[in-house]
Amino acid sequence: MKNTLVRLITTDNKGSFDCDFQDDIVIKENTEIALHSLSVERQMKSIVLDGTNSVVDFQISTPAGGHSISLAHGTLNRDNFDDTLRDMTDKMNSALRMFRGTATQITNGDFPNTKETGSQIKVSTNANKNVVFDFRYAECFTVLTSNASDNLLVNNMNTASNEFKSLFPASASSIDDLQSCNLAFKAPISLGTHISRVRIRNFVNTDGATSGLIMGITDDYNKILNNSLTIDDLNYGIRVQQNTSVIEVKNGKANPFGNNASGQTLTNATPSSTNNDVLSFEVREDVEGEGQRMLMRHYETGAGGGSTLLKADITLRNAQHKDIPYYFVVGLLGSVNSIKIDHVGSCRNAYFTTDLETKKFNGEGRAVGLPQNLPSTNNQRSDYSLTLPSTLADYLGFDNPSLSTNDFQASFTGNRVFEELIGSDNYIVEMLNLNINTYDALAKGRKNILAYVPVSETIIDDKTGIVQYEPKERLYLPLANEYAETLRNIRARIVASDFSTIGTEGLSSLNILLRN
C-alpha cells in the first residue's frame, strides 16, 4: 500500500482550505483517505461595546411604539456573555410600559391594548446553542366564578355573583395572618410588565378592627400549598383594616406593614359600585428611569391615573439567571358582609408550564400547574421587531441584524451557533471536492465528512483556542471515485457541529493521508 501525505492550509479566517498544487495528485481507484492531524487556532470572539454599537431597538406592537436600551460599555467575550444576556433581558423588560388609566380602565384591562402589559422577554441560549430573543404574552385576566377553581387555590371564600367574600367571621387575631380566608393564584406572576389587582366591591366594617383586606406578593409557594401563609411571608403587601383606615404597605418579609407616605385612604367603597377603588401591584418601568420596580398603586374613582403608595426594588432573577417565581395572594377578613371584592386579576408568567411545579395540594392528588381553563386573553397579532448593531448581531450569531414578524408572539433565533458555547462540542472536517460516503443526521443525508474532532478534549489553551488534534488510530475511508483521476486543487473546511462557519486566527493546517 502506498501512502501520500498532503498538507492543506487555510486561505481565510473562516476555516476554509482551498489549495492549488503545481504537481498532479493522483487519485487511483480504491483510494482511501484518513485524517492525519489538525492544527487550528480558533478565533476567540470578542467585541468592544461602546457608543457606536451598544443600543438595541425592539417593538412589541405599533400602538406601544419602539423601545431602545443601551448595554453596558466594555469588552464582551466568553467570560461575561452570560451577564450581557441577562443585562439585555432585564433592560428590555424594564423598557416595557404599562398603560396608566382610570380605576375603571385598569379594572377592565389594558385599554387601549398596547400588548405590553403582560408581556415578558427572555434573551438566552437554546439547546442547539443559538441565541434566542423570545417575546411572550399573557394578558392580565380576571377570575370569574366559572374558572375560579382552575385558576386559584381558594380556602373559606365564596365566589357568588363574580365576587369574593369570606364564609365566616375572622377571629380577632386573624388580621395578621392569611390562613383562615385566602385565595392564591396557581401560576406565578409575569416578570416583564405586570399587574395584579382587585376592586373593592363593598366594605362596610361590620366587624370593626378584624375586618379588612390583605393582598400580597410572595415567593413562598410551599406555605400557600400548606395553608400556613402569614403576613411575614409576604415579600410585598397592601393592607386596609377598615374602609376609613390609611392604606398600609409592606416592603420585604422582614419589614412590618406601615402607612403609605402620603396617608392615602380609600375614597369609594360603595356597595356594588363599578367606580370603586382599585388596589394593585405592578412590575413595570419606573418613570424616573430606574428600571423595573415593584409599584403598589391606588386607583381612585375619577382619578386620571392613580397614585403610587410605595415603589420598591424587586429581584426577578437569581444568580444563575433563573426567574424567581412570585405568587399573588389575597386575604379577606371579617364576616360575609364585611368586605367583598371583584375583578381579581393577575398577569400570569407566560413561561410557566406544568413542568415547573409537581407538588400536590389540598390532598386531592392534582398536580399544581397551568390553570386548566384560562379566560380568553384577547391576544392579537402585532408587529414585533428587533434591531441589533451589526457587530453585536454577528457576535451573537445573527446574519441579519434587523428582524420582524407579525404574530401573536415572537421568537428571533440566531442563524449560527453562538461560538462562545462551542468549547464542549465537535468540529467537523469536511472535504469539498473529494467524495466520501459518510452520513450526518443533522444534515439529514450524505456529506463528505472526513472526521469529527472533539473540541472539549483538544483545546490546549482556553484563552487562545488552539486545537491540535491527531487521532490515536487513523480511520481510512474509501473515496467514492469509480475511475482514477488527478487533482491539482483540494478544497476542505472546518465547521461547527451545525455546519456553520467558525472564526480562525493565523495559519491553520489540515494534514490528510491518501492510501492506495
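Buried means under 20% relative accessible area, exposed over 50%, and partly exposed in between (1.4 Å probe, protein chains only). The views below show a predicted model, in which local features need pLDDT of at least 70, side-chain atom pairs count only at pLDDT 80 or more, and totals for chains, interfaces and linings use all residues. Residues are numbered from 1 along each chain as its sequence is written, and side-chain values use heavy atoms, with hydrogens and water left out.

**View A. Strand S17, residues 236-240, is enclosed.** Strands (E, at least two residues) are DSSP runs, numbered from the N terminus. Here 5 of the 5 residues are buried, so S17 is largely enclosed by the rest of the structure. Look for Tyr236, Ile238 and Val240 on one side, with Gly237 and Arg239 on the other.

**View B. The partners of S17.** Two strands pair if DSSP finds at least two bridges between them. Strand S16 (residues 212-218) pairs antiparallel with S17 over 5 bridges, and leucine 213 has valine 240 as its bridge partner. Strand S18 (residues 248-251) also runs antiparallel to S17, joined by 4 bridges; there, lysine 250 stands opposite glycine 237.

**View C. The largest nonpolar core has 36 residues.** Such a core is a set of buried Ala, Val, Leu, Ile, Met, Phe, Trp, Tyr and Cys residues joined through side-chain atoms within 4.5 Å. Leu213, Met215, Phe281, Phe328 and Val330 touch the most other members. Another core, of 32 residues, lies apart from it and includes Ile60, Tyr384, Leu392 and Phe418.
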